[in-house]
Structure formats: structure tokens, C-alpha cells
Amino acid sequence: MAEDGGSAEEKSEEPPKEADPGQDAQEKAGDPENAHRWRKRSSEVDIALQALVGGTANLFFGPTSVGQLGDRGQKANHHLGVVVRSGPVPRQVLDRIRESFVEPPHYAMVKQKLMSTQVVLFQMRSGTGRTATALRLLDQLCAAGVRKLDPDATLKTLQEKDLEENHGYLLESLEADQARELQAFQIERLGRLMDEKGSRLIVIVDESTPLRFHDIGDLVIGDLGHVAPERLLQQHLSDAAVLEKPEVKEIVAELTDDIPRRELAQLADLLREVAEGRAELTAVKERFSRAGEANFVEWFDRQTDIEQRAFVIALAVFNDEPVQIVSQAATLLAEHIKAVEIPRRTDRARQLFTVPLQRRISDANAELVEDTAETAFGAVPVRKARFRDDRYPYRVLQLICAQYDQAHEVVRGWLFGLGVIPGDQVRIRAGMAAGLLSLQDFPSIYQTLIEPWAAIGDENARWAAVAALTIPGQHPALSRVVCEVLKKWSRSSDMELRTTAAQALGSTSAMSTRACLRLLRQLARYADWGIAYAVGESVTDLLARVDDRGAVLGALVRWSRDDEHPKRRETALLAVLIASSYLVVTVDGGSEKWPALVWEAENDEERRAQIVRLYARMLLAAEFNRRGYLALRDWTKVAQKDQSMREPLARLLFDVGTESGELDSIRYYVEYWRDEHDGPADAARAILRHFKQREA
């Protein structure tokens with residue numbers, strides 16, 4: 001007998017073979033738990049953004065939405081601003097602007113200038129309606145659509161191939177170096193190019209950015225003219241009678257001329273709720289009165305108790321999350337604060353039953369609400385804590401950043417620790433809070449939180465870094481910076497930074513789909529399996545959220561060609577496996593969520609050809625065909641539950657078999673699945689009948 005009790009025969013067995021990272025990645029791609037986690041993670045980002053910035057934060061964002069393919073729902077942040085992502089501006093955004101737009105006094109003059117020169121520059125402060133006006137002008141003058149140029153676009157190098165016929169183009173933020181070098185002959189060249197294409201270009205420049213006014217001053221628009229707040233409110237309100245109420249007139253009278261248009265849209269929303277009896281006028285007055293900010297600062301300064309102040313800050317980060325998460329995070333933050341304010345260990349004892357939760361909630365101007373939370377075991381009841389005023393999360397964090405520099409340092413250290421804690425809710429909220437703080441001080445937040453999270457080599461921290469880039473990536477002035485960060489990480493020799501870049505590119509709004517795909521292609525060329533998986537998830541994110549899914553599928557087709565580098569080809573096929581499992585779509589009349597690639601193939605001929613080619617290549621790849629067939633079996637199991645999916649799946653499998661020359665092999669596997677115990681027999685028989693009909 002061996003010393004540990006094992007037999008000599010057992011000791012003589014060969015050691016187990018080492019795990020194959022490539023096969024592990026494929027198994028992970030087909031794991032339903034990973035698919036569920038991916039969908040939940042994306043939903044957590046949307047929820048965090050809504051909870052942090054609320055419906056009235058003074059941010060330049062628009063409705064966050066996710067594509068139907070991800071089956072991740074759709075959320076909107078009311079009037080946080082105009083959604084202008086890189087690439088095509090959605091038609092619904094342009095229509096929304098058209099319905100509520102009030103032409104400023106100089107609109108006709110600017111329109112005439114744009115018609116005659118094809119290129120104009122808007123140099124004015126944020127909040128003047130500059131972006132909405134630019135989009136409205138371009139939509140009026142360019143019938144084929146409006147596109148936003150990548151933040152890093154270089155005007156002097158734009159070529160004909162970069163432009164489409166009769167399109168309007170917006171460059172939302174011109175970097176200072178490019179602005180200083182911009183000369184008349186470069187704009188004239190652009191104007192000729194735009195004229196040939198029947199297109200127009202508007203460039204937005206920050207009011208503090210220097211320009212060569214002696215050279216290009218005639219093309220710079222510095223003022224759109226003042227629009228009275230009452231006119232804008234009337235345009236947004238279907239029933240303007242509410243404006244005649246004395247209390248409302250008092251609110252409107254206090255509005256200053258420099259109030260951003262987006263805030264007026266928010267005020268109109270609230271007044272509409274007042275008119276319909278869903279909101280109190282006192283709350284509207286508090287929100288928009290001049291005394292509101294002073295009252296807020298006074299309220300925050302009254303939170304003198306360390307535990308209470310920590311609770312308020314934690315609630316700002318975890319607004320509308322279960323109260324247990326808020327309390328635990330507050331306890332951690334209080335310990336950080338005490339370590340600075342009360343350094344003697346003997347003074348750091350904490351009494352557990354001094355202040356009840358309800359008092360903390362009341363002092364924080366918050367409330368407890370009964371809700372449910374999704375877990376791996378289904379929905380469970382929870383109590384959530386949230387501020388009564390949805391502006392407070394952003395305002396609390398902004399106040400700390402602007403006024404309390406030492407506290408800001410402590411809060412950063414606390415957020416860093418939260419970012420490495422397992423659990424999507426915690427690390428995503430920590431990352432999103434860091435992103436919100438970065439609007440005030442991007443260099444500091446990047447150096448102390450975002451890059452360390454990205455480089456630490458911890459998966460939890462990596463997702464915190466990705467979440468932290470979400471908010472600045474949507475900000476006009478910082479999207480270009482985020483773009484440069486992702487480029488730097490993509491080309492870094494540090495594998496962790498490259499992995500984080502690969503993970504972030506699929507969800508960033510800082511650059512167009514084509515720009516994201518270019519960087520993902522580069523990453524795929526030098527990918528280990530960890531980076532390859534991150535690239536695959538990013539590609540899946542793009543398929544879920546962008547309109548031009550054909551461009552994404554087309555990239556996978558190119559990457560998976562036989563003459564491509566083997567690592568890039570393997571990454572492309574892994575991405576197809578991930579998308580096969582992760583992406584689902586709710587179909588009208590269907591009893592189950594369909595695999596999105598089956599739905600795409602059924603509803604778009606061009607994308608069908610791309611999907612057929614990709615799956616044909618997978619079934620012909622020795623290292624991928626086993627997992628490819630397992631993915632097809634998973635699809636067949638869905639069709640077993642939903643009869644309406646059987647014919648579309650059968651058509652797709654027949655086309656894949658014809659394209660690959662593996663029709664007999666597919667038939668063999670379908671017959672095998674039919675005969676399995678508890679296998680998808682009915683769906684398999686329907687597929688085989690279709691094959692027989694097509695071959696007849």
C-alpha cells in the first residue's frame with residue numbers, strides 16, 4: 001500500500017493530460033452560465049448609468065439602448081442630451097430633434113452658410129444647443145442620413161473613400177492641436193470633396209480652443225442667437241397651459257439665459273408629469289430654483305457623522321441597489337475615512353446598534369423600496385435604497401471631486417478596492433462611479449483607478465475598468481481621449497492592458513464600428529486564448545448593439561479566410577461560437593427566444609450568406625468542428641420547444657451543409673440527436689424532412 005492509502009496500480013497510472021486552452025475557450029463559449037452572465041453584465045451597466053445620472057443630471061449623454069439581438073431590453077435616460085455615437089446617427093434621434101426643435105435666431109443664416117461652403121465650424125459653449133442644431137441642419141440638407149465622424153478623425157486627411165453620397169457629417173469635438181493647425185486651404189479642399197459627394201460637414205470646437213481666425217474666421221459660427229426658455233418649454237409641452245400657473249411662472253422667471261437646452265427639456269418633462277398628476281410642483285421648484293444648489297451643499301455638510309457621510313457616498317455609488325450592498329460598502333468607506341481622521345487604533349471601535357437604518361435613510365434624503373433581484377436561481381425579493389432626488393448620486397460625487405480633495409483621495413482608494421471584489425453589481429458600480437468622477441478630473445481617475453484596474457490581471461478589476469470608460473466614452477470632449485486610451489492599450493506589450501482593450505472595444509461609444517473592428521482585428525493577430533475570448537465577446541457586443549451588423553459579420557468572414565493568420569482565423573471562429581450561444585432574440589409568435597444568428601439568417605439574405613459561410617468554415621476546421629456541431633445541437637433543442645423555428649433552422653442547416661460539402665455529416669448528426677434519449681426528436685425529424693424535400 002502506498003503511504004497515502006492509494007494502490008500501486010493507481011500510482012502507476014499516467015498523469016492527466018494538460019488542459020487545452022483552445023478547447024477550454026470553446027467550452028466556455030457554449031456554457032449557458034457564461035451567456036447568462038454576459039447578458040446580465042450588460043444590463044447592470046445600463047442600470048448603473050440610469051441610477052447614477054438619473055433623469056436630470058447635467059451630462060451630455062443620450063438614451064442608452066442595447067440592440068435587439070442581445071435581448072437585453074431597452075432603457076432611456078429621458079433628455080440627458082442628444083445621442084450621437086460614432087457612425088450613423090439613428091433616425092429616431094433625428095426625428096426626436098425635429099419634433100422638439102426651436103430654430104434659434106441665426107438658424108437661417110447658418111443654414112445658408114452651410115449650403116454655400118459645405119463646411120462650417122461651431123465654436124460656442126456646451127449647452128447652447130450646438131449639437132442639436134448641427135444635427136437638425138445636416139438632417140435638413142442631406143437626405144441620405146447623418147453620420148458622426150470618429151473623435152480621432154483628421155480633417156486634413158479625409159479622402160473621398162471616407163465619405164458617402166448626400167450624407168451629413170458631424171465632428172463633435174476637434175482636438176486643440178488639429179484646431180490650431182487648421183487652415184483655409186484645407187477646409188477648401190474638404191469643401192470641394194463634400195460638394196462632389198453632395199454632403200455637408202459641421203465641426204464643433206470648444207469655445208476655449210484657439211483657431212486661425214485671420215484665415216478661417218468667415219467659416220466659424222460663434223453664436224446661434226438666444227432662444228427664450230418659454231419658447232423651448234412650449235415646444236416640448238403638448239399642453240402649455242401648465243405654464244400659466246403662478247408657481248410655474250415663478251420657476252420660469254428664475255431661469256437664466258445660459259441654462260442648457262437639455263435642462264429645459266428635462267423641466268418640460270417634469271411639468272408634463274405635474275399636469276398629469278404624477279409629480280409635485282414643490283419638487284420641480286426645488287430642482288430648478290436658484291436656491292436648490294445651496295440647499296444641496298448645506299444638506300451634504302450636515303452629514304457630519306463619519307458613518308452617515310460614508311452611507312451617503314456609498315448610496316451615491318450604489319443608488320437603487322439592495323440596501324445590504326449599500327450598507328456593506330458604507331462600512332468599508334467609513335473604515336477608510338477613520339483611518340485618516342482617527343488614526344489611533346483604540347479610537348476606531350464602532351458601535352453596532354447606535355443608529356437604525358431607517359434614520360440613516362431619512363437623513364440621506366433617501367427611501368427604501370421593495371423590489372426583486374434576478375439571481376442564478378430566479379427572482380428574489382429585496383429592499384433597495386435610493387435617493388428621493390435622482391440627481392443626488394451625480395451631485396454627491398461631483399461635490400466631493402470639486403470641493404473635498406482629501407476626501408476625494410480616500411474615495412478613490414475605496415472605489416479601487418470595490419473594483420476587485422467579485423460580483424458584477426459591485427465592480428460595475430465602482431467602475432461607473434469612477435467614470436462619473438473622471439468627467440471632473442480624467443487624468444487623476446485614469447492614473448489611480450482606470451489603468452491600474454486594467455493592468456492588475458484580475459478579471460473583476462478588468463470589468464471595472466471597462467465600466468469606467470463607459471461614461472467618458474459618451475462625453476463629447478472625452479470620447480477622443482478614451483479612443484486614444486483604447487488604441488494605446490491595444491498596442492501595449494502588457495497582455496493585461498491588451499485584454500482589457502479587447503474587452504472594452506465592443507461596448508465603447510467612443511469610436512465607430514469600423515474603427516472598433518480595425519483594433520479588434522489587430523488584437524486577434526497576436527491573441528492568446530484569453531485575448532481571443534475577449535475579442536469574441538466584444539464582437540458579440542457589437543452584433544448586439546449596432547445597426548450595421550452586416551459589417552461585423554463581414555469582418556468575421558474576412559478574418560476566417562484560409563489565407564489569414566491562424567490566430568486571427570481561430571479568434572474569428574471562436575467569436576462565432578460565442579455569438580451562437582450568447583445572442584438570442586424574442587420573436588413575435590415564438591414560444592422561446594431564438595438564437596439570433598438563426599433569426600438574422602432568416603430575415604436578411606446578405607447576412608444569411610455571411611452566417612452560412614462562417615458556419616461552413618467552422619465545420620471544416622478540425623479544431624472547431626466538434627464544438628460547432630454541439631452549437632447546432634443546442635439550436636435544435638430550442639427548435640424542439642418552438643415549432644416555429646424548425647423550418648428556418650432546417651433551411652439554414654441545409655445551406656451550411658451545401659456550402660461546406662458536409663451535408664451528409666450534418667444529416668448523420670441530426671439523426672443521432674433524433675435517436676438520443678430525451679433528444680430533440682421532433683425538431684430533428686422536421687429538419688430531416690426538409691433535407692429530403694430539398695434534395696428531391
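L52 is buried, with a relative accessible area of 0%, where buried means under 20% relative accessible area, exposed over 50% and partly exposed in between, computed with a 1.4 Å probe on protein chains only. The structure is a predicted model, in which local features need pLDDT of at least 70 and side-chain atom pairs count only at pLDDT 80 or more, while totals for chains, interfaces and linings use all residues. Residues are numbered from 1 along each chain as its sequence is written, and side-chain values use heavy atoms, with hydrogens and water left out.

L52 belongs to helix α3, residues 32-53; helices (H or I, at least four residues) and strands (E, at least two) are DSSP runs numbered from the N terminus. Although L52 and Y394 are 342 residues apart along the chain, their C-alpha atoms are separated by 5.9 Å. If residues up to four places away in sequence are not counted, L52 touches A316, V317, P393, Y394, L397, M432, A433 and L436, a contact being heavy atoms within 4.5 Å.

The view can now widen to the chain as a whole. The protein chain has 35 helices and 11 strands, and buried residues make up 55% of its 696 residues. Among the contacts with a separation of 6 or more, 72% come from residues 24 or more positions apart.

In soluble globular proteins, nonpolar side chains tend to be buried together. A nonpolar core is a set of buried Ala, Val, Leu, Ile, Met, Phe, Trp, Tyr and Cys residues joined through side-chain atoms within 4.5 Å. The largest such core here has 155 residues, and W414, L415 and W489 touch the most other members. Setting aside residues up to four places away in sequence, W414 touches I313, A314, V317, F318, A329, L332, L333 and H336.

How do two helices meet in this model? The axes of α26 (residues 513-525) and α27 (residues 529-545) come within 10 Å and cross at roughly 160°, the axes being lines fitted to C-alpha atoms over the stretch in contact, with angles from 0 to 180 degrees between N-to-C directions. That makes α26 roughly antiparallel to α27, since angles under 35 degrees count as roughly parallel, over 145 as roughly antiparallel, 65 to 115 as roughly perpendicular and the rest as oblique. The contact is made by C516, L517, L520 and L523 of α26 together with I531, V535, S538, V539 and L542 of α27. These residues divide into 8 nonpolar, 1 polar and no charged, where Ala, Val, Leu, Ile, Met, Phe, Trp, Tyr, Cys and Pro count as nonpolar, Asp, Glu, Lys and Arg as charged, and the others, Gly among them, as polar.

A second pair is α30 (residues 596-603) and α33 (residues 646-660), whose axes come within 10 Å and cross at roughly 80°, and the two helices are therefore roughly perpendicular to each other. Here V598, A601 and E602 of α30 meet P648, L649, R651 and L652 of α33, a group with 5 nonpolar, no polar and 2 charged residues. Helix α30 is mostly covered, with 6 of its 8 residues buried.

Finally, D371 lies in strand β8, residues 366-375, and is partly exposed, with a relative accessible area of 32%. Leaving aside neighbours within four places in sequence, D371 is in contact with V380, P381, V382 and K384.
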